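Student: I'd like to learn how to read strands and helices in a model. Could you walk me through it with a case on screen?

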Amino acid sequence: MDYVNSDSRKDELYRLVDGLPKEKIEAAKKFLEFLLSSSNGFLPEKLVEKLDLLERIIDFLPDATLAIDREGKVLVWNRAMEEMTGIRKEEILGRGKYAYAVPFYGKERPILVNILLGNGKEWEREYEKIERKGEILVGEGFAPFARGGRGLHFWTLAAPIYDGKGNLIGAVQCIRDISERRKMEEELRFCSTRDALTGLYNRAFFEEELRRLEKSRSFPVSLVLCDLDGLKVINDMLGHERGDELLRRAAKVITGCVRGSDVVARVGGDEFAVILPQTDRKTAEEVAKRINEAVERDNAQHPDLPLSLSVGVATARDASRPLWEVYKEADDAMYMNKLASGKDPRAAVVRALKEALAEKDFHNTERMKEIACMLGEAVGLSREELDSLRLLVEMHDIGKLGVPDHILFKPGPLTGEERKQIQRHSEVGYRIALSSGELAQIAPYILQHHEWWDGRGYPLGLKEEQIHLLSRIMAIVDAYDAMTSERPYRGAMTHEEALEELKRCAGSQFDPHLVEIFVRLLAGEKGKLYGDKREESQKC
């Protein structure tokens, strides 16, 4: 074929060039004009080589590229298109009737080049985004059959092809795989609207949704607010991992009680909120009831870590008041529910703590309460102080729940780091107690019960009467019971040996005046003394 004199071949080359990406068109046109110029001195065989080079340039474009003529027959199908579809150019060149759409959509249908040429405009709705920029169409969408059926999100551009006389002779389309970009966008969007721990919507999304609903026709709108009780106690006692577990359980319980279209958000550290569009008050109350029932079912599966939710409901019948007022109403209802339920969630958590502590404690708690009350009465404690002392005996070692079992039950000597972990239990116990209404009053006594009379104790280094009287009593009772009980690392002392050790440490570790009274109370036959004092001690 005479490449130099064939006008039709020239027209075809110009059409191919016009189909290149915008930033490459001008350079390619100049190159082609240079090749076809009669004054350039190229021989026909050299021209053939240059034309082959141009075809290779198109073939190696990074974007998948196809071109069709006015009849819809394929003129160009480069290598990137082959990789994207699995269809080789030999199989597709010259074919029409939308055959080029099949590897993308699994059926023959118009695509962007056809829409550009005026055929199949109704298919625009199949694209996620489509925009006309002059004579060029730009769009985004999803092709489920591309990449061997894996599918891909794509960006695409379609441009018209004109001949030298300005006649429309076809169109070219470039397709770029943006699946990775879309995945990153979705991850960023998820992170910007979701709570990382629970996967629920975050407060920012919740507030935006309230503003949106105020302008919508979704009324009545109901809000359900839930407060997770005792979270701080769990965090202080068992660590944030267990607290996070409780939050995830709460999120799962709440989500399982509402529709998929409802908005469930974590709006605070221990607070959740549900937006129920087109939901009246009666239906919202039923949702609240389902949540309470779901909590009971969840607790049956987790008796060691009870979940407690206080729930409040409010409804806006119309747009006559801001939804933030409705939110405040639901918040007030939630706290009224907390008070009117007849249960103290914090006390329930404390009971669970006591049960958990019993599994990790060597103390004879009942015996300790008995002798502590005896000593307390002997030094003139009031009834209120005796009640506090009794509670202190039960909970003074609650911080040991945060000590690993391999340290707590270690049969041999502790390392320096292990001893530090043990010593932290008084501070941990202090934080736990402060978090609980029932234990807050004894928190300072828990913190101080390992302080020494001479100031060499921990964690504060207090001395003598800087240490609270109840903590000084607790230190003596704790030491006596520890010495007379079996431990993994030693056997139990006798009653007499323990009293001698207390006397030896009086004035250094223990209050000497209290030790004197304690030894006098427990001197003689221990069993006889308990028999004499049991009735009196039961009063406290």
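Student: Which residue stands opposite Val224 in S9?

Tutor: Happy to start there, keeping in mind that this is a predicted model. Strands of a sheet pair through backbone hydrogen bonds, in either a parallel or an antiparallel way. Here Val224 faces Val274 in S9. Strand S7 (residues 221-228) and S9 (residues 271-276) run antiparallel and are joined by 6 bridges.

Student: And what about the pairing of S7 with S10, over how many bridges does that go?

Tutor: S7 and S10 (residues 309-316) pair over 8 bridges, again in the antiparallel sense. Two pairs you can pick out are Cys226 with Val311 and Val221 with Ala316.

Student: In what order do the strands of the sheet come?

Tutor: Read across the open sheet and you get S8-S9-S7-S10, 4 strands with antiparallel pairing. S8 (263-266) and S10 are the edge strands, each pairing on one side only. From one strand to the next, the twist averages 15 degrees.

Student: Which residues of S7 point one way, and which the other?

Tutor: Val221, Leu223, Leu225 and Asp227 point one way, while Ser222, Val224, Cys226 and Leu228 point the other way. All of them are buried, and the count for the strand is 8 of 8 residues.

Student: Which helices lie across these strands?

Tutor: Helix H9 (residues 203-214) lies across S7, S8 and S9, and runs at about 30 degrees to S9. Helix H12 (residues 281-301) lies across S7, S9 and S10, at about 170 degrees to S10.

Student: Now for two helices together: at what angle do H15 and H21 pack?

Tutor: For a helix pair, look at the angle, the axis distance and the handedness. H15 (residues 365-378) and H21 pack at about 140 degrees, and their axes are 10 Å apart. Angles over 145 degrees would count as roughly antiparallel, so this pair is oblique. The crossing is right-handed.

Student: Which residues of H15 and H21 meet?

Tutor: From H15, Arg367, Met368, Ile371, Ala372, Leu375 and Gly376 meet Ile473, Met474, Val477, Asp478, Tyr480 and Asp481 of H21.

Student: Let's zoom in on one of them: is Asp481 buried or exposed?

Tutor: Buried means under 20% relative accessible area. Asp481 has a value of 0%, so this residue is buried. Asp481 belongs to H21 (residues 469-483), and its side chain makes a polar contact with the side chain of Arg367 at 2.7 Å.

Methods. Residues are numbered from 1 along each chain as its sequence is written. This is a predicted model: local features need pLDDT of at least 70, side-chain atom pairs count only at pLDDT 80 or more; totals for chains, interfaces and linings use all residues. Side-chain values use heavy atoms; hydrogens and water are left out. Buried means under 20% relative accessible area, exposed over 50%, partly exposed in between (1.4 Å probe, protein chains only). A polar contact is a pair of N or O atoms within 3.5 Å; within protein, one must be able to donate a hydrogen and the other to accept it, and residues adjacent in sequence count only if both atoms are side-chain atoms. Two strands pair if DSSP finds at least two bridges between them. Axes are lines fitted to C-alpha atoms, for helices over the stretch in contact, and angles run from 0 to 180 degrees between N-to-C directions. Angles under 35 degrees count as roughly parallel, over 145 as roughly antiparallel, 65 to 115 as roughly perpendicular and the rest as oblique. A crossing is left-handed if the near helix is turned anticlockwise from the far one by less than a right angle, and right-handed if clockwise. Contact means heavy atoms within 4.5 Å.
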